[in-house]
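Please read it with the structure open.

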Amino acid sequence: MYRFDSLATMSFNRELLKGSIALLILKLLSEREMYGYEIIQEAARRSENAFEFKEGTLYPALHQLHKRGFLRSEWRLGENGKQRKYYGLTAAGRKEAQRGESDWRLFTQTVDAILTRAKT
Amino acid sequence: MTQRYAIVQQIVALARLPNARRRDIERELREHLEDLADDARAQGHDEAMIERMEAIRFGDPRQIGAAFTSVYALELWTRRAAAGGTLLLTSIATVCLVVGTVQASAALCSGALCAPNSGGLPSEIVGICAVALGYCSAYLGQRLFSSSTARAASLTLLVAICVAAGLILAVPAHAVLPCVAFSCTAFARLLQRVSIPLLWFVGTAAPITVVGLAFRPEMPGQGPPLWLVWIGLTLSCAVLRRVVDRFDKSTCAGILA
């Protein structure tokens, strides 16, 4: 469950976050279909509340990915009997998630290497 | 309406979206807020606190609205272009019918065929398109920029300049009448919004009168008499008014909102 009293999350650089939002969404949805609120909860849970999507960031990003053909969506009944809009990956979305993940790993390894060597 | 749904209302009102998308986003955000509120209640927070937290979490509705707008901008403008094109084609067909009827009636009454413009059929077609385009551009300007008369008039003026430039480049000898026809119908459409009945007749009459006084002796060819042109234009505007009224009530119009 999302904790309302744990809003003191880590404040990441906005520019840094901007480029990774799509990847995070695609990666989370590559495991199972989720609705918006569930994505926020899952991201918070995995990062131990260090990272949280803001609604104003998540939903436009979801719609952008849907528009680009990386996501499909459908309204259906959730576990508690409520109608929810579930998002899942398309084949193009799956490829994009894999590509994004490998790009990210290469990028972070490279940056990490530079930072590490700078220290020594 | 609670503050909770007011946020959603603000977001969808500020975003420029196709109607179907607007409804879908509104529904999705409402469901989200309900989930958020349910969890907060389960944690023992009161309604005032929940609403405050929701406002913090959602942030500035203008920014979210702008973000949604940019996602659907291309789709919106494609739909707008399609709706505008449909309206324009319908208007051209309507003007063809009206002008054809007026010319046929005049021919029947006078017992002679009414002489077309010296440019012949192509020139007639250009004139008819100019009539429809003038009316539609004024209407679309009013529709797209309902809150700003200046911006609405600017759009019409921009289209008028493009039409005039195109005509002068393509058919310099026959550019005057279509430009006048454009001005007449655009002006008439603007005056149709004024609450004084029949004032819009001035819209079609004024440019023709000016042209009749200033240019007619120098204009090439023996086109139809100007009073007949005026009747054709005025009847076209009257019928086009019905056409755009119907368009306003159709689902297409929502796209232009």
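B:Ile7 is buried, with a relative accessible area of 5%; here buried means under 20% relative accessible area, exposed means over 50%, and partly exposed lies in between, with a 1.4 Å probe and protein chains only. The model is predicted, so local features need pLDDT of at least 70 and side-chain atom pairs count only at pLDDT 80 or more, while totals for chains, interfaces and linings use all residues. Residues are numbered from 1 along each chain as its sequence is written, chains are lettered from A and ligands numbered from 1 in the order in which they are written, and side-chain values use heavy atoms, with hydrogens and water left out.

**Surroundings of B:Ile7**

B:Ile7 sits in helix α1 (residues 3–14) of chain B. Helices (H or I, at least four residues) and strands (E, at least two) are DSSP runs, numbered from the N terminus. Neighbours within four places in sequence left aside, B:Ile7 is in contact with B:Glu54, B:Ala55 and B:Phe58, where contact means heavy atoms within 4.5 Å. B:Asp60 is 53 residues away from B:Ile7 along the chain, and the C-alpha atoms of the two are separated by 9.1 Å.

**Chain A: elements and sheet**

Chain A has five helices and three strands, and from the N terminus on its elements run α-α-β-α-α-β-β-α. Of the 120 residues in chain A, 39% are buried. Among the contacts in chain A with a separation of 6 or more, 51% are between residues 24 or more positions apart.

The three strands form an open sheet in the order β1-β3-β2, with antiparallel pairing. Its edge strands are β1 (34–35) and β2 of chain A, each of which pairs on one side only. Two strands pair if DSSP finds at least two bridges between them. β1(A) is joined to β3(A) by two bridges, while strand β2 (residues 71–77) and strand β3 (residues 83–89) of chain A pair over seven bridges. A:Tyr87 in β3(A) is the bridge partner of A:Met34, and A:Tyr87 is also the bridge partner of A:Ser73. Five residues lie between the strands in the hairpin of β2(A) and β3(A), where A:Gly81 takes a positive phi near 85 degrees.

**The second largest pocket**

The second largest pocket has a volume of about 320 Å³. On a 1 Å grid over the protein atoms alone, a pocket is an open set of points where a 1.4 Å probe fits, with protein on both sides within 12 Å along at least five of seven lines; lining residues have an atom within 4 Å of a point. Grid points are joined across faces, edges and corners, and the volume is the space filled by probe spheres set on the points.

This pocket is lined by 13 residues, and those closest to its centre are A:Leu23, A:Leu24, A:Lys27, A:Leu28 and A:Arg46. Two or more lining residues come from each of α2 (21–29), α3 (36–46) and α5 (91–119) of chain A. α2(A) gives the most, with four residues. By class the lining has six nonpolar, two polar and five charged residues. Ala, Val, Leu, Ile, Met, Phe, Trp, Tyr, Cys and Pro count as nonpolar, Asp, Glu, Lys and Arg as charged, and the others, Gly among them, as polar.

**Salt bridges**

Over all chains, 27 salt bridges are found, a salt bridge being a side-chain nitrogen of Lys or Arg within 4 Å of a carboxyl oxygen of Asp or Glu. The table gives three of them.

| B:Glu34 | A:Lys82 | 4.0 Å |

B:Glu34 is partly exposed at 28% relative accessible area, whereas A:Lys82 counts as buried at 18%.

A:Glu96 and A:Arg99 are three residues apart in helix α5 of chain A, so about one helical turn separates them. A:Arg99 is partly exposed, with a relative accessible area of 43%.

B:Glu26 and B:Arg30 are four residues apart in helix α2 of chain B, and about one helical turn separates them. B:Glu26 counts as buried at 19% relative accessibility, and B:Arg30 is partly exposed at 27%. Elsewhere, salt bridges that share partners join A:Lys82, A:Arg84, B:Glu34, B:Asp35, B:Asp38, B:Arg41 and B:Glu47 into one network.
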